Amino acid sequence: MKETVFEMTKRRTDALRTYMQEKKIDVSFICSGPGVRYLSGFAGTPGDASLLITPEKAFIFTDSRYTIQAGEQCPYYELRSAAAWDFSAVKECLPAGNPAVGFENREISYNSFTRMKNTFGFDNFVCLETAVADLRNIKDDWELDNIRIACRIACDSIAETVPYIKDGVRELDLATELEYRMKKNGASGPSFDTIVASGVRGALPHGLASEKTVKNGEMITFDFGSLYNGYCSDMTRTFALGEPDPEMVKIYNIVLEAQLTAIDAYRPGMRGADLDKIARDIIADHGYGKYFGHGLGHGVGLEIHEGVGVGRNSGSVLSERTVFSIEPGIYIENLGGVRIEDLITCLGGVKEILTATSPKALTIL
Ligand code: ZN
Ligand code: ZN
């Protein structure tokens, strides 16, 4: 039977409690938007709610703009009508004595931390480091379902946008068309600013859509994603408009070979750096090693970049139920670039390419 929101958020909060027990942390203060959302279900603006988790209780602090919403979305959490950063209100919920307080040292500002310390009037804080991110890294069924839907929306929407790729159309107009279609197909919005990079702009790995018009003979890279129930998708496809430069076709096929080989080689439990090397070696063997500057991929979930790294120096382990991207690319100044990206996960030993419905063989429009 499907978990209720109460059961789901209690299970996640209990997982943090287990960690707290191991680390001798009595209570945790959670303030990061994704951390709050993951643990409590609160879907309001990040930074407008915070949580205090004790061994027996769980509190959410949010102001009058969100109290009705938090009451509905966070059944497991006891609502306190106070601003997320009202540390006096948080203090009232602390257990007596001198409890060890876990806090998201990677997320909280220095100013907020100082204020929290001064308001609590003691100095017994423990860094939670990546504790919440590590929990979020292993997706539950509900999260995977949302990411699958976000991916499907993106795949459908790029297919609907391809007919608009014509000589003389601005990159910005193609991005607008794609984002419009993602929304029409059920997304709450794009999961990040859409990248449309055509011709020589393709050499910019993060070339946001510009006023440039696409021209016959150019390749066009779209890197985009949709947001569904707070979860991101992320994918990249590169198309050719008319007959492209032969070197670009060669590059395309090298990137595709690297991408397919990495997908094939992925096994749960593998280290990110080892998977990165598999794709990187293929690109290097073809003589394009210096044109692949970024990592092979990254974790995706409530945030577009989260959790695991899949790069040259990444010690992250790519576990089952981790969702991450595989996105090799080659970028050559004054010529152009190619990147191909899919989201992938593994469940019960079975690999799942979440963006598989979008074709990857070179499409010449
Ligand atoms: Zn991407
Ligand atoms: Zn990506």
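In the predicted model, Ser40 has a relative accessible area of 0% and is therefore classed as buried, the cut-off being under 20%. This residue belongs to helix 2. The side chain of Ser40 takes part in two polar contacts with the backbone, described here in turn. One runs to the backbone oxygen of Val36, at 2.6 Å. The other involves the backbone nitrogen of Phe42, which lies 3.1 Å from a polar atom of the Ser40 side chain. When neighbours within four places in sequence are set aside, the residues in contact with Ser40 are Thr9, Leu51, Ile60, Gln73, Cys74 and Tyr77.

Besides Ser40, the buried set comprises Gly33, Pro34, Gly35, Val36, Tyr38 and Leu39. At the start of helix 2, a side-chain oxygen of Ser32 comes to within 3.1 Å of the backbone nitrogen of Gly35. After the helix comes Gly41, with a positive phi near 95°.

Helix 2 packs against helix 1 (residues 5–22), with an angle of about 120° between the two and a distance of 7 Å between their axes. The two helices are therefore oblique to each other. On the side of helix 1, the contact consists of Thr9, Arg12, Thr13 and Leu16, which meet Tyr38, Leu39 and Ser40 of helix 2. By class, the contact of helix 1 with helix 2 contains 3 nonpolar, 3 polar and 1 charged residues. Thr9, one of the helix 1 residues in this contact, is also listed among the partners of Ser40 outside its sequence neighbourhood.

Two further helix pairs were examined. Helix 7 (residues 141–161) packs with helix 8 (residues 171–184) at an angle of about 135°, and their axes are 9 Å apart. Helix 7 is therefore oblique to helix 8. The crossing of helix 7 past helix 8 is right-handed. Helix 7 contributes Ile153, Ala154, Ser157, Ile158, Glu160 and Thr161 to the contact, while helix 8 contributes Leu174, Glu177, Leu178, Arg181 and Met182. In the contact of helix 7 with helix 8, 6 residues are nonpolar, 2 are polar and 3 are charged.

The second pair is formed by helix 9 (residues 246–265) and helix 10 (residues 272–285), which pack at an angle of about 155° with their axes 9 Å apart. As this angle is over 145 degrees, helix 9 is roughly antiparallel to helix 10. Helix 9 and helix 10 likewise have a right-handed crossing. Their contact brings together Ile254, Glu257, Ala258, Thr261, Ala262 and Ala265 from helix 9 with Leu275, Ile278, Ala279, Ile282 and Ile283 from helix 10. The residues of this contact divide into 9 nonpolar, 1 polar and 1 charged.

Most residues other than glycine have a negative phi. With a relative accessible area of 37%, Glu129 is partly exposed. Asn229, likewise not a glycine, has a positive phi of about 55°. Its position is in the loop between strand 10 (226–228) and strand 11 (231–232). The relative accessibility of Asn229 is 38%, so this residue also counts as partly exposed.

Thr355 is found in the segment that follows strand 21 (350–353). Its relative accessible area is 0%, and Thr355 is therefore buried. Apart from neighbours within four places in sequence, Thr355 is in contact with Cys151, Cys155, Asp234, Met235, Arg237, Glu341, Asp342 and Leu343. Of these partners, Cys151 and Cys155 fall within the residue range of helix 7, 141–161.

Methods
Residues are numbered from 1 along each chain as its sequence is written. Chains are lettered from A and ligands numbered from 1 in the order in which they are written. This is a predicted model: local features need pLDDT of at least 70, side-chain atom pairs count only at pLDDT 80 or more; totals for chains, interfaces and linings use all residues. Side-chain values use heavy atoms; hydrogens and water are left out. Buried means under 20% relative accessible area, exposed over 50%, partly exposed in between (1.4 Å probe, protein chains only). Helices (H or I, at least four residues) and strands (E, at least two) are DSSP runs, numbered from the N terminus. A polar contact is a pair of N or O atoms within 3.5 Å; within protein, one must be able to donate a hydrogen and the other to accept it, and residues adjacent in sequence count only if both atoms are side-chain atoms. Axes are lines fitted to C-alpha atoms, for helices over the stretch in contact, and angles run from 0 to 180 degrees between N-to-C directions. Angles under 35 degrees count as roughly parallel, over 145 as roughly antiparallel, 65 to 115 as roughly perpendicular and the rest as oblique. A crossing is left-handed if the near helix is turned anticlockwise from the far one by less than a right angle, and right-handed if clockwise. Contact means heavy atoms within 4.5 Å. Ala, Val, Leu, Ile, Met, Phe, Trp, Tyr, Cys and Pro count as nonpolar, Asp, Glu, Lys and Arg as charged, and the others, Gly among them, as polar.
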